[in-house]
Amino acid sequence: MHKFTKFKKPVSRPFSPLIHGLSPRFVLKSANQITAVLRVSCKQRSRVPSAKIKPQMTYDVVIIGSGPGGYSAAVRAGQYGLKTALIEKQTRLGGTCLLVGCIPTKTLLHTADVWDHFKTPGSLGISCTNPQLNYPQVLDKKNKIVNKHSKGIDFLMRKNKVDVIKGTAKLLGGGKIEVTGVQGAQTIEAKNIILASGSEARMIPGLQPDADLILTNIELLETTAVPPRLGIIGAGAVGVEFASIFHRFGSKVTVLEMLPRLVPVEDEEISKELEKHFKKIGIRCETGAKAENIRRNQSTVSVTVTLANGNKEEMEFDKLLIAVGRKPNTDSVGLENTRAALDRGFVKVDGNQQTAEPGLYAIGDVVLGTPQLAHVATAEGMIAVAHIAGKPAKPINRNRIPGATYTDPGIGSVGLTEAQARAQGYQVKVGKFPFVGNSKATILDKHEGFVKVVADEKFGEILGVHIIGPEGFELIAEAVAAMEAEATVDTMINTIHAHPTIYEAVGEAFNGVYGQSINI
Ligand code: NAI
């Protein structure tokens, strides 16, 4: 039996679709016509207008949140021919990743990479007189990219016949959702709902961010000038990426991390290498540090820091970024009206992303037990929609999720760290190859870092791969594919790597498991 039939809702109200911004003469009678009007209206306006909810219509799937999890799930649902709606409370589609996360930060990181070359062009034999960084133009470029991609999602929604409903969604239970938008509150019905409401920056208790001094990623991305002194609390992906950006733009950056190392979720050697490089280029890194008594002054922020050695130091910054993790947006989405179970604010799901409420799925940053990463949200969305459509889907395997931290040097990782593999009782063999032995890295003048393969001695199983170095976040792709295909270390040794490439270093590290790297 098709699973949709289980959640059929009674038809209760007359069908009266309206499109925001269009006159009542455009009132239509079918979802196809709605889509047609959306197409017409989108030629007139730069954004997809919110489809006025069709009260009598029961959607096959309604998705709450248009981040990479939500919008990708909407596209896939459209591809499967499901009647789909996407609800978003922001004016633009794209969620944290596109609007204030992955895409704007990677745009700035790319500019920082290019700027780095201009600072020392002589090493490349290029003479360049008095290069200038025009920061307002840097921001303008970032904003253009974000807008372009947001419009791209508008297009994808139209292409896949997804109704976009602008407003704030609240679950009412039993497949009903209340959406409050500029035109008031309306209720829609869905056979299946996918909650993809994402997360927001956590704050240190008692502290409120502002637009000027104590910032989250959102405000720091909008700040109109490079801060001379930037303090960063938290050395997870957010903290170290912003450190890498603003150090290269000229800020004096201090990173304060309470745990004993930077990027604590990574393999310990990766953390050490990043800290070594950060310190070498002049980023102050204080690990094992306790930041207390954060005070706003007239135009600066003061922090009392207890350093790892027990000494107290007063630090003063022009801006302070709080990057201490993200909390799931599950407080006000109406989960209390459902049977979905929560754990510390995260939603519990099964291998198909189903919650305990029939027909309610959760994906992305709200989900318990998977990392808060854009690509995880997307993968979880694919699983949820496949399950809704009765198609085969493979549950997420936590050990096959790539981690990618876009610092310089870049970090890419997948699977178990060496410490985790040992703790799980494997007979661990490690192969390690430094980029100093890689000719393309020499050409790029990027010799920092290494590739580390963690393998099981018994069968040559690849347990994890950890990279820090040039394009480490790109190089990890090979290892992820190898692990997904259940390739062994031997398979990877027999895989021919093109020369000269930086990914040769990955092949060399696999050879290193048997002590047979060539170029070192
Ligand atoms: P996080 O949880 O990854 O790191 C937060 C860090 O702050 C931890 O190392 C923690 O020990 C430290 N911390 C917490 N309280 C502190 C305090 N009072 N004083 C000093 N240090 C403190 O969180 P982050 O970096 O904010 O990222 C949030 C999420 O977004 C993560 O899941 C991350 O993976 C994801 N993300 C991923 C990116 C990527 O894949 N490139 C980029 C940005 C974020």
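The expected span of a helix is taken as 1.5 Å times one less than its number of residues, and helices (H or I, at least four residues) and strands (E, at least two) are DSSP runs numbered from the N terminus. By this standard α12, with 13 residues, reaches 19 Å from its first C-alpha to its last, close to the 18 Å expected at 1.5 Å a residue. The structure is a predicted model, in which local features need pLDDT of at least 70 and side-chain atom pairs count only at pLDDT 80 or more, whereas totals for chains, interfaces and linings use all residues. Residues are numbered from 1 along each chain as its sequence is written, and side-chain values use heavy atoms, with hydrogens and water left out.

The chain contains 14 helices and 24 strands. Of its 520 residues, 52% are buried, where buried means under 20% relative accessible area, exposed means over 50%, and partly exposed lies in between (1.4 Å probe, protein chains only). Among the contacts in the chain with a separation of 6 or more, 64% are made by residues 24 or more positions apart, a contact being defined by heavy atoms within 4.5 Å.

In α12, the buried residues are Gly472, Phe473, Leu475, Ile476, Glu478, Ala479, Val480, Ala482 and Met483. In the loop between α12 and α13 lies Glu486, which has a positive phi of about 55 degrees although it is not a glycine. Glu486 counts as exposed, at 60% relative accessibility.

Helix α9 has 15 residues and reaches 21 Å from its first C-alpha to its last, close to the 21 Å expected at 1.5 Å a residue. Its buried residues are Val376, Ala377, Glu380, Gly381, Met382, Ile383, Ala384, Val385, Ala386 and Ile388, and what covers them includes the strands β1 (58-64), β6 (184-195) and β19 (360-362) together with helix α2 (68-79). Just after α9, Gly390 takes a positive phi of about 75 degrees.

Helices α9 (374-388) and α12 (472-484) each supply at least two residues of the lining of the second largest pocket. A pocket is here an open set of points, on a 1 Å grid over the protein atoms alone, with protein on both sides within 12 Å along at least five of seven lines, whereas a cavity is a set of points where a 1.4 Å probe fits but cannot get out; lining residues have an atom within 4 Å of a point. Grid points are joined across faces, edges and corners, and a volume is the space filled by probe spheres set on the points. The second largest pocket holds about 290 Å³ of space. It is lined by 13 residues, of which Ala379, Ile396, Asn397, Arg400 and Glu484 are the closest to its centre. The greatest contribution to this lining comes from α9, with four residues. By class, the lining comprises eight nonpolar, two polar and three charged residues, where Ala, Val, Leu, Ile, Met, Phe, Trp, Tyr, Cys and Pro count as nonpolar, Asp, Glu, Lys and Arg as charged, and the others, Gly among them, as polar.

The C-alpha atom of Pro500 is separated by 9.5 Å from that of Ile443, the two residues being 57 residues apart along the chain. Ile443 belongs to helix α11 (residues 439-444) and is exposed, with a relative accessible area of 58%.

A positive phi in a residue other than glycine is also found at Val263, where the value is near 30 degrees. Val263 is placed in the loop between β10 (252-257) and α8 (268-281), and is buried, with a relative accessible area of 4%.

Strands β12 (residues 290-296) and β13 (residues 301-306) run antiparallel and are joined by five bridges, two strands being counted as paired if DSSP finds at least two bridges between them. They form a hairpin with four residues between them, and Arg296 stands opposite Val301 in β13.
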